[in-house]
Structures are given as structure tokens and as C-alpha cells.
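Good morning, and thank you for coming. I shall go through one structure today, and I ask that you keep it in view while I speak.

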Amino acid sequence: KQKIARPGVVTEAEKGGFRGKFILHAKEGGSATVRTTKEVFATSDEAQQAAAVLGLFIVAGDRRMDRLMPPEYGSLWKGAEQDEAARTKKDADWAQRKAEQEAREVRKAKREALMPLFLSNALSQAVED
């Protein structure tokens with residue numbers, strides 16, 4: 001049995017309807033997971049149901065629960081799959097760019113580091129004069 005914090009489902013009034021928001025509070029100082037529905041729904045109940053589907057996907061996305069849901073919720077599940085895949089790809093791209101940036105900074109620091117200069121006694125006397 002998974003030990004997760006109690007999630008929350010909230011509806012927000014928008015122009016022309018409501019949006020649902022799923023909030024999964026983090027354990028011990030981590031950041032909370034928040035997902036908002038893309039669509040604006042006519043009723044608060046529909047928005048809440050859609051947010052619950054998003055939450056179910058966040059908690060149990062590895063299971064194919066969309067097959068058990070009515071068709072309107074199954075399409076929300078599939079949309080959540082696509083959104084999470086895009087989010088994962090975006091996060092991976094960001095992490096790769098950050099790693100490349102850090103590697104560039106290390107190479108730049110190596111290039112700009114002062115190289116020790118060894119001079120012979122005759123050359124050092126010539127430089128001093």
C-alpha cells in the first residue's frame with residue numbers, strides 16, 4: 001500500500017465556467033504536485049471530476065484505468081498521458097541543457113585558469129631589467 005499525503009481537488013471559477021485543480025501535497029519538505037485541467041467546464045462538478053481523473057493519473061498513471069472509465073473520462077486520461085509525456089521530455093531537455101551549460105562553464109574555467117610560467121634565471125633577469 002502506498003503511503004501518500006491526502007490529495008485535494010479544487011475548482012476555480014473562470015470566464016464561461018470552471019477549471020479543476022488537483023493538488024498532491026509533498027511529504028517532508030518536497031514540492032507539491034499541482035495539475036490544472038486545460039478545459040473549462042460548464043459546472044463545478046464536471047471540473048472536479050476532471051481534476052480527480054488527473055489526480056488518479058498522477059497517483060496511478062502506470063495502470064490502464066482509462067479502460068474502466070466512461071469515454072469522456074477516458075479521453076481526459078489519454079490527454080493527461082500526452083501532457084505528462086511532454087512534461088517529462090521538457091524536463092529531460094532542460095536537465096540536458098543545464099548539464100551542457102555546466103560543462104561549458106567548467107571548460108571555460110579551465111581555459112581561463114592561469115598557467116604557471118617557469119622562466120630560466122637568465123630570462124627572469126632580462127624581464128626584471
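Let me begin with a term: a residue is called buried under 20% relative accessible area, exposed over 50%, and partly exposed in between, with a 1.4 Å probe and protein chains only. What we have here is a predicted model, in which local features need pLDDT of at least 70 and side-chain atom pairs count only at pLDDT 80 or more, while totals for chains, interfaces and linings use all residues. Residues are numbered from 1 along each chain as its sequence is written, and side-chain values use heavy atoms, with hydrogens and water left out.

I turn to the interior. A nonpolar core is a set of buried Ala, Val, Leu, Ile, Met, Phe, Trp, Tyr and Cys residues joined through side-chain atoms within 4.5 Å. Which residues form the largest nonpolar core? There are ten of them: Phe 41, Ala 47, Ala 50, Val 53, Leu 54, Phe 57, Met 69, Leu 76, Trp 77 and Ala 80. Helices α1 (44-60) and α2 each supply at least two residues of this core, and α1 gives the largest share, five residues. Helices here are DSSP runs of H or I with at least four residues, and strands are runs of E with at least two, numbered from the N terminus.

Trp 77 is found in helix α2, and it counts as buried because its relative accessible area is 0%. Its C-alpha lies 8.8 Å from that of Leu 56, a residue 21 positions away in sequence.

Next come the charged pairs. A salt bridge is a side-chain nitrogen of Lys or Arg within 4 Å of a carboxyl oxygen of Asp or Glu. By this rule, the count is six salt bridges. In one of them, Glu 12 meets Lys 21 at 2.8 Å, N to O; Glu 12 is partly exposed, as its relative accessibility is 28%.

Lys 38 and Asp 83 also form a salt bridge, at 2.8 Å, N to O. Why does this pair tie together parts that are 45 residues apart in sequence? Lys 38 lies in the loop between β3 (33-36) and α1, whereas Asp 83 lies in helix α2. Lys 38 is exposed at 57% relative accessible area, and Asp 83 is partly exposed at 30%.

A further salt bridge joins Asp 93 and Lys 89, with the closest N and O atoms 3.2 Å apart. These two residues are four apart in helix α2, so about one helical turn separates them. Asp 93 is partly exposed at 28% relative accessibility, and Lys 89 is exposed at 53%.

Finally, the surface. Patches are made of residues with over 30% relative accessible area and no salt bridge, like charges being joined within 9 Å and nonpolar side chains (Val, Leu, Ile, Met, Phe, Trp, Tyr) within 5 Å. Arg 104, Arg 107, Lys 108 and Arg 111 form a positive patch. Of these, Arg 104 is found in helix α2 (residues 71-112) and is partly exposed at 41% relative accessibility.

A nonpolar surface patch consists of Leu 119, Leu 123 and Val 127, with about 280 Å² of accessible area together. Leu 119 sits in the loop between α2 and α3 (121-128). Is Leu 119 buried or partly exposed? At 41% relative accessibility, Leu 119 counts as partly exposed.

Terms used: Accessible areas come from the Shrake-Rupley method with a 1.4 Å probe; for residues, only the protein chains shown count as cover. Lys and Arg count as positive and Asp and Glu as negative; His and the chain ends are not counted. The place of a charge is taken as NZ of Lys, CZ of Arg, CG of Asp or CD of Glu.
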